[in-house]
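Welcome, and thank you for taking a look at this structure with me. Let us walk through a few places in it together, one step at a time.

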Amino acid sequence: MRNLLCLFLVVMLFPACEKQGNGDITFGAPGKTYGIVVEGGINTFYKIQYIRLSEPSFSADGTVVPAVGARVTVTDGGANVVFRETATPGVYSGTIQNNTNYNKAYKLNITYKDKSYTATDTLRQVVNIIDDFLPLGCIKQANGTIKLTIPKHTFGFLNSCKWLISYPEIPAWNPARFENAGYFNYTHIQGSPNSVYPLINQLRIVELQPNDFVSIYKFSMSDAYSQYLYTVFQETDWKGLFSGVPAEVKGNLSAGALGFFYVTDVDIRRYRASELAN
Amino acid sequence: MTLRFRIVIRSLAFYLLFLLSVTVSAQAPAVLDQPISLALQNEPLPAALVKLQNLVKGDFAYDPQIVPAGKLITLKFDKRPLAAVLDELLSGTGLNYHVINNAVVISSNKPKAFTINGHVLDRYSGEPLIGATIYLPDLQTGVVSNQYGFYSLTLPEASYRLSVSSLGFSGESQKISLQKNIVIDFRLSARVYSLSDVPVGLGTADSAYLLSAVGSLPVEKMKFLPYYDGEVDLVKAIQMQNGVKAITEGSGGLFIKGGNSDQNLITLDEAMVYNPSHLYGLVSVFNSDAIKKIQVFDDHIPSNYGGRLSSVIDVRMADGNNKEFHVKGGANLLSMHLAAEGPVRREKGSFIITGRRSLTDIFNADSRVIIPNSNYYDLNAKANYQLNNSNKVFYSFYLGNDRLFSKNSYNNNWGNITSTFRWNHKFGSRTFLNLSAIFSHYENNLDVNADTLSEKYVWKTGIEDLSLKGDFTFYKSVSSEVKFGGITTLHRVVPGEASTAFPSTFNIPRNRAWETALYFSHQLWIRKKLQAKYGLRAGQFANAEDRTDVFDTDGNALKVREHKTYYGLEPRIYLAWSVAADQRLHAAYNRNYQYLQLIQNSELTFSSLESWLPASAKTKPQRADYWSLGYDYLPGGNKALLNVYYKKFYNQADLLNHTQIIKNPLIRDQLRTGTSQAYGAEISVSKITSGYLIEASYNYSRVFRKITDINDGLRFRASYDVPHDFKLSQTYLAPKRWSASAFFNLTSGRVVTLPVGYFVQDGLNVPLFEGRNRSRFPLFHRLDLSAQFRLSDPARQKQTFNHEVSFGVYNAYNKKNPLFYRISQPGEGSARFERTSGIVPWVAYNFKL
């Protein structure tokens, strides 16, 4: 009996001696060939448009590298506009005169490392910003400041949109500045992907002076872009105990390219912080 | 032929017939009347009959084998009629005689058979004991009490020794002389805190070899196991058994013999429990204060059970003490509980009420889940009354609810309600009927847009059942038992819909389905060595799904339903061969159909959003075929079991990648089906010595799925494919007040879909995935320890207040097992695991008054 007990203790405690780290899990080896990654698209607010190209990383600790030397053109329903690489590696720019062809398709063509990629998206008109349907909460504090609560994701709206809420700490929207994309927030027509999302909702909370200006940008989305962003967020922001089975995020690029080429209509309104609290 | 001639012929025929009958009747008495002179001095009966045979004129026949040799005869007959001689010679031997065709034939009397029936009860509380054994050592056979403690034995008239036993109770032996039908209720005394009756896991028969594909998990043993935060939990106890996988630590998922978690039929007093979880699975809905018996059928599934492919977990509530009032309760770090029980009328009826309420938040903040305001409660109530010797009625009720209230005003509520009314009736002494009327309701409500300025609505999913069920058991003989019956259930299914303020176009269509089954089964022992159980279940499933795409010429939606009916035959066979007194071989085959399935696409098994979809025109029923072979060796209460199995599943459904469950009316179109295969080998050993029980088990099993459009249509590992699973547990009962237990589990890591790379979109690192479940986490292992100290002296049987304190450590060496993997986001550093919580000490207190 004593021997059995000793054996029991050894068997139970031996695995306890293992060193605990972050694990030796590394990315699996890719079986497919991946092309380029596309970010950005066409907006109705500026004539000068920007698209960023990069290559994916196949290492958990690696970095994404810009794709330089690509040939990029956008067809606006009439003209083929050539985008040229800017001073920022991987960012391409071009001027689209016909950037308000509502309900028409815009087509992207890329040639990179002897491979060609295409994508198409349709311009949907944005529903103008209405005071009653702003994706933020606003409370006037006892000390007179205005507290804004801006959730990154909100659900059950009648249409899906992207938003940028800019105030003194947050730069104004600049389509060339892809590094500021983290300031966007999103409203979804879909429901929450799982029942516990609200518990890990990412929020921005800021206190403003009553006379501080808040600029609200609202960006329309096609149905395909809305669905694409929803799956991106399922694999990123919403990854948790209750998230779905991991799966490939599919954009609208051909030939194994990643990302999404979108076309968006923009509405902008400017408020004083005190006006939002009313 | 003239009329006169015909009359003459008829008269002659009549006269001849008359003569013949007179002749025949005259001859019979003549044989038995013949005078016999015979002197016998201490002659054994066989020799006496030989002498008599030589004296009888005419034929005199008998089988020497039936003549008892023990009787010595000293008689003298002097010209006595043969009938009188036979009467005296055969008196008290069980033999009789007849005259057939003028020959005297001696034969055996047809033995008279009588029935012993009654109930096996807890002497202290009057609770009927389920699965108690009533064994006849001289005949090496016996029966097992049913779900209501009832038993029936039909035996030839004779004297017998009966040995009655039940897990956790002292056995009793009684000698009876069976000369008429009798009713005997056996009352057994509980053996408190004694390991020698503590069974050794699932699969233990209540005695060595009677009816055993049933595994039972005694509630008393459950209470010794170490649990998270000291919360005694039925589902967690089942997860500790061999062959059961949990795959996600802390969840309530049960993956048994290759089946998915929605493929277990979980019932509470016969009512279906659709979501048996509180707190997303950390705690089950079963309050151990209310539970009497848990039976798990994961090998042979009797034909009275149906509707699921993998296993049956039949949970029975306690009836309540029908002699005295008692109150018991306690608290641990998760919840507090209170129960009251007592007689409605002493020894005629009783009641029990239990309640439980959570106390605290539990999730680790590192898991990115903070539940600022979550709670659950549940309530069990039951009453029963014995109307007369042949009739008893029961009513059971369960109500449970979980509520999650987060910042931003989001609410998520879900819960179950079950209600069962039952009537037991005995037809004579050999036929038992249970008739049940059952209600079951599950509902989940989720705020979808509570923190927006849009019109608010709630997403609701649920399912409601109304059932009528009748089960007959005919105890034909001690070696033959026949069961038959049927059930019909109306399922009202709400797969998902928004509250009425919202357009209904986003709702998933409702369904109404009738599920009906008739079954028959026969259990018999052949020559005391071979046990056979065979049966057939015949089922029908008729579904009607609302159509939301049918309009009249004015554009008004019409109420139209799409109908579809399915039929299925489910044979069930079990054979067991007793190779020796303590060894047996067994084999089983089941076919099962499942007409309802859970629609989920969660990576882990935590979830409250349980959407059920019935089979329909677009979704075929699931089906499974299961084969197994096993060997059991049970020397002196110890155990060694070996089992191998293979299972094939058909019409297994899975959702396409990234399918939304909320606001997706076309969800059926995003289901894809295919097959699944599972196979495995299980071995478990246990040893009991004085005060110690040690159990070890190892299970090797694989599960693969192949679903159209999932993983490019290629075969992939199921999310519950855990090849190696080793479990070790020990319980120690000190002679006085202490007990301690330990549980260790070492398994292969869970399968996982790891990225092959990532790219950047909108400031986020988006993982690149290929295929499904192609990688595996590192080994999982964990050690849990617990101890109990009885504050009152267990030797003092009559004391009115008993209390004990328990304490322990969950995850004793602080192993941070990976829970899920997520790619890091900008500013978070390298890609990472999210891990379970580490070491969790706990303390609990329980009392009984």
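Let us begin at a tryptophan. Setting aside residues within four places of it in sequence, B:Trp577 is in contact with B:Lys529, B:Leu530, B:Arg584 and B:Leu585. Please keep in mind along the way that the model is predicted.

Where does this tryptophan sit? B:Trp577 belongs to strand β34 of chain B, which covers residues 560-580. B:Trp577 has 14 C-beta neighbours inside 10 Å, so it counts as partly exposed, since that class lies between the 12 or fewer of an exposed residue and the 20 or more of a buried one. Another tryptophan can be found from here: B:Trp525 is 52 residues away from B:Trp577 in sequence, and their C-alpha atoms are 9.8 Å apart in space.

Now step back to chain B as a whole. Its domain assignment gives domain 1, residues 24-108, and domain 2, residues 228-848. Taken over C-alpha atoms, the centres of domain 1 and domain 2 of chain B are separated by 69 Å.

B:Asn42 is not a glycine, yet its phi is positive, near 50°. You will find B:Asn42 in strand β1 of chain B, residues 35-44. Is B:Asn42 buried or exposed? It is exposed, because 8 other C-beta atoms lie within 10 Å.

B:Ile247 also is not a glycine and has a positive phi, of about 55°. B:Ile247 is placed in the loop of chain B between β15 (244-245) and β16 (255-256). With 21 other C-beta atoms within 10 Å, B:Ile247 is buried.

Conventions: Residues numbered from 1 in each chain as written. Chains lettered and ligands numbered in written order. Predicted model: local features only at pLDDT ≥ 70, side-chain atom pairs only at ≥ 80, totals over all residues. Domains from an automatic or database assignment. Helix = DSSP H or I, 4+ residues; strand = E, 2+ residues; numbered from the N terminus. Contact = placed C-beta atoms within 7 Å.
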